[in-house]
Amino acid sequence: MMEKMADKIIGVLLAAGLSTRMAPKNKLLLEFDSEPLVRRLAREVMAARIDGLIVVVGHDRWNVRKAIQDLDVTIVENPDYFENQMTSVRAGVLAAPEAHGYLIVPGDMPLLRARDFNRLLDRFLELGGEKAVVPFDRGERGNPIIIPGWSRAEMYRRGINFGCRNLLINFPELVSPLETADPQYFRDVDTIEAYEDALKEFSALKSAE
């Protein structure tokens, strides 16, 4: 195992996708709680206990950039965004400084709040930063995840895909599941219907606070 990296946690927000199932709309630019979804999610990640945020852009990159232009983030372009999400993970992690861990956040999960990221961070630090922490609910894998700093090189050398839903099966020694049924870890907005449902769910969660 590689030597432990700098004592930092870096966030990587994946905002390069094609939004294929919502075309011609870009789901990351849909209004959510009075602002574009990608901006709201970036602010929530920044409010968590992290040491910097990288936003990976690709598809519709100029409009995504405009939505977050006033935020203190580092924007990285993924020229291979049309291939798969793992290329954006790679672009973000390799552009990031060496760190103890990387918080990988898909850009289409509007129910996530800073406290949800911190819950994963607490588990990651309890384990000494040696394993990836992944939300699971009765076998269903959620997001976001935290990957350890040493995996920055190992994930490419060994072909480890931390976005893979079979991660626990293929590399159980690398993963600590966070068992939770909290909906925010499993809700994305791939379709207009999912977006409308998420708006209702977010309103209900706020009312319950």
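By the rule used here, the count comes to 14 salt bridges (a salt bridge is a side-chain nitrogen of Lys or Arg within 4 Å of a carboxyl oxygen of Asp or Glu). This is a predicted model, where local features need pLDDT of at least 70 and side-chain atom pairs count only at pLDDT 80 or more, while totals for chains, interfaces and linings use all residues. Residues are numbered from 1 along each chain as its sequence is written, and side-chain values use heavy atoms, leaving out hydrogens and water.

**View 1. Glutamate 44 and arginine 113 meet in a salt bridge.** Their side chains come to 3.8 Å, N to O. Glutamate 44 lies in helix α1 and arginine 113 in the loop between β6 and α4, so this pair ties together parts that are 69 residues apart in sequence. (Helices, H or I of at least four residues, and strands, E of at least two, are DSSP runs numbered from the N terminus.) Glutamate 44 counts as buried at 13% relative accessibility, whereas arginine 113, at 21%, is partly exposed. Buried means under 20% relative accessible area, exposed over 50%, and partly exposed in between (1.4 Å probe, protein chains only).

**View 2. Helix α1 is largely enclosed by the rest of the structure.**

**View 3. The largest nonpolar core has 32 residues.** Such a core is a set of buried Ala, Val, Leu, Ile, Met, Phe, Trp, Tyr and Cys residues joined through side-chain atoms within 4.5 Å. The residues touching the most other members are Leu13, Val38, Ile50, Leu53, Val55, Val105 and Phe117. Elements giving two or more residues include β1 (9-15), β4 (53-57) and α4 (114-126). The largest share, 5 residues, comes from α4. Apart from this core lies another, of 24 residues, with Leu14, Ala132, Ile147 and Leu174 among them.

**View 4. Arginine 61 forms a salt bridge with glutamate 77.** The closest N and O atoms are 3.4 Å apart. Arginine 61 lies in helix α2 and glutamate 77 in strand β5 (residues 74-77), so the pair ties together parts 16 residues apart in sequence.

View 5. Arginine 123 is partly exposed, at 26%, and glutamate 126 is exposed, at 61%.
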